[in-house]
Amino acid sequence: MSSTDVVELILQDHRRMEDLFRTMRNIEADRAAALEEFADLLIAHASAEEDKVYPALRRYKNVDGEDVDHSVHEHHEANAALLALLEVEDTASEEWEEKLEELVTAVNHHADEEERTLLNDARENVDDDRRAELGRAFREARAQYLKADCGSVENVRKLVAAADD
């Protein structure tokens with residue numbers, strides 16, 4: 001039985017993203033397929049956090065609301081970096097390599113910071129039952145986004161445009 005603890009679920013996604021980065025850095029690999037999976041995962045993950053997890057964490061006095069706001073801002077930065085990579089057609093080009101590294105930097109910075117701040121705070125201040133509830137809500141929302149092809153270039157363009165407004 002997989003964990004329903006929201007912290008564990010988020011960490012699992014972060015590790016999967018790191019695996020996909022390794023694949024995307026490998027010239028021998030199917031980079032386009034890895035990017036497609038990554039795009040869906042990143043958007044579904046971030047959207048589910050913003051819908052279900054962050055609003056709940058904001059209500060805990062020992063969780064810093066500024067950390068939540070900062071995480072949302074970093075999601076927007078990652079989405080913009082993702083869009084830049086999705087718009088590069090040749091996965092063997094130097095431009096693709098450059099945009100990939102920008103995406104890796106944005107996502108790893110965010111994941112690292114989120115793990116040190118929000119997720120540690122959640123682990124310390126949110127009881128197990130509530131984390132399990134949040135985990136179920138996160139997993140459900142994430143699944144809905146994945147079904148909706150959330151990582152498509154059209155959808156990522158919409159998200160980036162909306163964040164720029």
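Which residues in H1 meet which residues in H5? Val6, Val7, Leu9, Ile10 and Asp13 in H1 meet Arg131, Leu134, Gly135, Phe138, Arg139 and Arg142 in H5, where contact means heavy atoms within 4.5 Å. This is a predicted model, so to speak: local features need pLDDT of at least 70, side-chain atom pairs count only at pLDDT 80 or more, and totals for chains, interfaces and linings use all residues. Residues are numbered from 1 along each chain as its sequence is written, and side-chain values use heavy atoms, with hydrogens and water left out.

**Helix packing**
- Helix H1 (residues 6-25) and helix H5 (residues 128-147) pack at about 40°, their axes 7 Å apart.

**Largest pocket**
- The largest pocket has a volume of about 150 Å³; a pocket is an open set of points on a 1 Å grid with protein on both sides within 12 Å along at least five of seven lines, and lining residues have an atom within 4 Å of a point.
- Its lining includes Glu50, His75, His76 and Asn79.
- H2 gives the most to this pocket's lining, with 4 residues.

**Largest cavity**
- There is 1 cavity of 30 Å³ or more, a cavity being a set of grid points where a 1.4 Å probe fits but cannot get out.
- The largest cavity holds about 60 Å³ of space.
- Among the residues lining the largest cavity are His14, His45, His75 and His110.
- H1, H2, H3 and helix H4 (94-125) each supply at least two residues of that lining.

Notes:
Points joined across faces, edges and corners; volume = space filled by probe spheres on them. Axes fitted to C-alpha atoms, helices over the stretch in contact; angles between N-to-C directions.
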